[in-house]
Amino acid sequence: MENLVNDKIPFNRIFPMLEARLEELGAPLPSVSIIAAEDNDPYRILTSTIISLRTRDAVTLAASRRLFASFPDMASLAAADTEAIEEAIKPAGFYRRKALQLKEIATIIESRYGGRVPDDEEALKSLPGVGIKTASLVLNLSYGIDAICVDCHVHQIANRLGWVSTSSPEETERELRKILPRQYWIPINEMLVRYGQHICLPLSPLCSSCPMEGECPKKGVGSCR
Ligand code: SF4
């Protein structure tokens, strides 16, 4: 058996294995991936990523489509009433706060970047409420720029599998940069988000139906099924 906790993690074997399991299950794509597959407009990717935080995929998808229908671009969002943005995106989690945030971001992007979402990590992170995770997803899905987007699923599964031993998504992102071949920097987010939603569940992972059962060290896993 290969040791997963070293610098020779067989990502090129593991990734296709996990992907194949997701396909067998017919696991749907995360909401922002669906939006990106239709149109990789950076405006759509950035706004739907913000809507998606602490919000279920189906709700994110519907709220994003309503937002795009009412406010198709950054200029219209910057000019919108906050209440109208709230109306479009509710019942997304924290929709009032997100509506304010979306308007602020649109206003800044209009005035500072001529309406174009910046393709630079630091510029993105300077926007209100935009952290490394949102910035990385925009760089990945809108501009095809290599960046590792680490959300709670990526952080948890990378630790369970023993790829990293970290205590925060930010730390996981830094450690993965050292060991993950560049070809996987963009795909890792979509794959492990789906894996976390359907198999390696946050509270009680379905290890008995996971192809990694037997070689996964299951670090930090309490009970599993
Ligand atoms: S064996 Fe269990 S803990 Fe490990 S990756 Fe699979 S589902 Fe997750």
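**View A. Lys218 is partly exposed, with a relative accessible area of 24%.** The cut-offs are these: buried is under 20% relative accessible area, exposed is over 50%, and partly exposed lies in between, using a 1.4 Å probe and protein chains only. This is a predicted model, in which local features need pLDDT of at least 70 and side-chain atom pairs count only at pLDDT 80 or more, while totals for chains, interfaces and linings use all residues. Residues are numbered from 1 along each chain as its sequence is written, and side-chain values use heavy atoms, with hydrogens and water left out. Lys218 sits in the segment after helix 12; helices here are DSSP runs (H or I) of at least four residues, numbered from the N terminus. Its phi is near 50°, a positive value in a residue other than glycine. Most residues other than glycine have a negative phi. The side chain of Lys218 forms a salt bridge with that of Glu213, at 2.5 Å from N to O. A salt bridge requires a side-chain nitrogen of Lys or Arg within 4 Å of a carboxyl oxygen of Asp or Glu. Glu213 is partly exposed, because its relative accessible area is 38%.

View B. The domain assignment gives domain 1 as 11–27 + 148–209 and domain 2 as 39–143. Such bounds come from an automatic or database domain assignment. The C-alpha centres of the two domains lie 25 Å apart. Domain 1 brings 11 residues to the contact, and domain 2 brings seven residues. Contact here means heavy atoms within 4.5 Å. Together the domains bury about 660 Å², with 57% of it on carbon and sulfur atoms. Buried area is the accessible area (1.4 Å probe) that two parts lose on being put together, summed over both. Which three residues of domain 1 supply 50% of the area that domain 1 buries against domain 2? They are Cys149, Ile186 and Gln197, and they supply more than any other three residues.

**View C. A salt bridge joins Arg177 and Glu121.** Their side chains meet at 3.9 Å, N to O. Across the interface of domain 1 and domain 2, the rule finds one salt bridge. Helix 11 (169–179) and helix 12 (187–198) each supply at least two residues of the side of domain 1 that touches domain 2. Helix 11 gives the most, with three residues. By class, this side of domain 1 has five nonpolar, two polar and four charged residues. In this scheme Ala, Val, Leu, Ile, Met, Phe, Trp, Tyr, Cys and Pro are nonpolar; Asp, Glu, Lys and Arg are charged; the others, Gly among them, are polar.

View D. Leu22 is in helix 1 (residues 11–25). Leu22 counts as buried because its relative accessibility is 0%. Not counting residues up to four places away in sequence, Leu22 touches Ala27, Met191, Arg194, Tyr195 and Ile199. Leu22 and Arg194 are 172 residues apart along the chain, yet their C-alpha atoms are separated by 7.5 Å. Arg194 also meets Glu19 in a salt bridge (3.1 Å, N to O). That pair links distant parts of the chain: Arg194 in helix 12 and Glu19 in helix 1, 175 residues apart. Is Arg194 buried or exposed? Arg194 is buried, because its relative accessible area is 3%. Glu19 is partly exposed, at 29%.

View E. Arg96 is in helix 7 (residues 95–113) and Glu86 in helix 6 (residues 82–89), 10 residues apart. Arg96 is exposed at 53% relative accessibility, whereas Glu86 is buried at 17%. The peptide bond from Lys90 to Pro91 is cis, with omega near 15°. Pro91 lies in the loop between helix 6 and helix 7. Most peptide bonds are trans.

View F. Thr60 is in helix 4 (residues 57–70). Thr60 is buried, with a relative accessible area of 0%. Leaving aside neighbours within four places in sequence, Thr60 contacts Ser31, Ser48, Ile51, Ser52 and Thr55. Arg54 lies in the loop between helix 3 (42–52) and helix 4. Arg54 is exposed, with a relative accessible area of 72%. Arg54 has a positive phi of about 55° although it is not a glycine.
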